[in-house]
Amino acid sequence: MIDDQRAPVILVVDDEPLVRSTVCEQLQSTGYSVHTAASGDEAYDMISEGVHFDVLLTDVRMPGTIDGFGLVRRVLALLPGARTIVMSGFVGDDHLETRAADRFIGKPFTMARLQRELSDLLTSGAC
């Protein structure tokens with residue numbers, strides 16, 4: 001559960017440095033605390049080592065052994081009930097796995113859209 005005395009923590013996972021830094025800066029400017037990772041492997045290592053987050057926001061296609069949906073599945077196995085948002089610029093078969101996450105956001109997206117999704121997920125819980 002989220003402690004009302006602290007800012008919600010978002011773990012942003014994206015292999016594109018510009019996307020990762022832009023999302024991080026925008027979220028921090030609106031009151032969120034943010035951790036970042038450049039791959040699913042890096043994010044999973046962070047989580048396994050105890051890094052706390054309230055929402056995992058991950059890209060789908062990234063280098064390494066763990067893609068975004070694999071990361072969501074592993075996180076949910078480790079932390080049942082974790083809140084997750086998957087983002088992707090690809091529309092191929094990715095849509096078939098979107099039910100693995102609480103939310104799906106297509107790229108490009110506006111920060112207003114991301115804010116709405118985060119707010120809704122944090123206040124209402126998982127879908």
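Colleague: Leaving aside its neighbours within four places in sequence, which residues is M87 in contact with?

Modeller: First, a caution: this is a predicted model, where local features need pLDDT of at least 70 and side-chain atom pairs count only at pLDDT 80 or more, while totals for chains, interfaces and linings use all residues. Residues are numbered from 1 along each chain as its sequence is written, and side-chain values use heavy atoms, with hydrogens and water left out. Contact means heavy atoms within 4.5 Å. With neighbours within four places in sequence set aside, the contacts of M87 are V13, D14, L57, T58, D59, V60, I105, K107 and F109.

Colleague: And is M87 buried or exposed?

Modeller: M87 sits in strand β4; helices (H or I, at least four residues) and strands (E, at least two) are DSSP runs, numbered from the N terminus. Buried means under 20% relative accessible area, exposed over 50%, and partly exposed in between, with a 1.4 Å probe and protein chains only. M87 has 0% relative accessibility, so it counts as buried.

Colleague: What order do the strands take in the sheet?

Modeller: Along the protein chain, the elements run β-α-β-α-β-α-β-β-α from the N terminus. Two strands pair if DSSP finds at least two bridges between them; β1 and β3, for instance, pair in the parallel sense over four bridges, and V13 has T58 as its bridge partner in β3. The five strands make an open sheet with parallel pairing, in the order β2-β1-β3-β4-β5.

Colleague: Which are the edge strands?

Modeller: Look for the strands that pair on one side only. Those edge strands are β2 and β5.

Colleague: What do the buried residues of α1 pack against?

Modeller: The buried residues of α1 are R20, V23, C24 and L27. They lie on the same side of α1 because their arc around the axis is only 100°, whereas L18, E25 and S29 are exposed on the other side. What the buried ones pack against is β1, β2, β3 and α4.

Colleague: Which residues does the cis peptide bond join?

Modeller: Most residues other than glycine have a negative phi, and most peptide bonds are trans. Look in the loop between β5 and α4, where P108 is found. Omega is about -5° for the bond joining K107 and P108.

Colleague: Last one: what percentage of the protein chain do buried residues make up?

Modeller: The protein chain has four helices and five strands. Out of its 127 residues, the buried share is 43%.

Conventions
Arc of directions from axis to C-beta.
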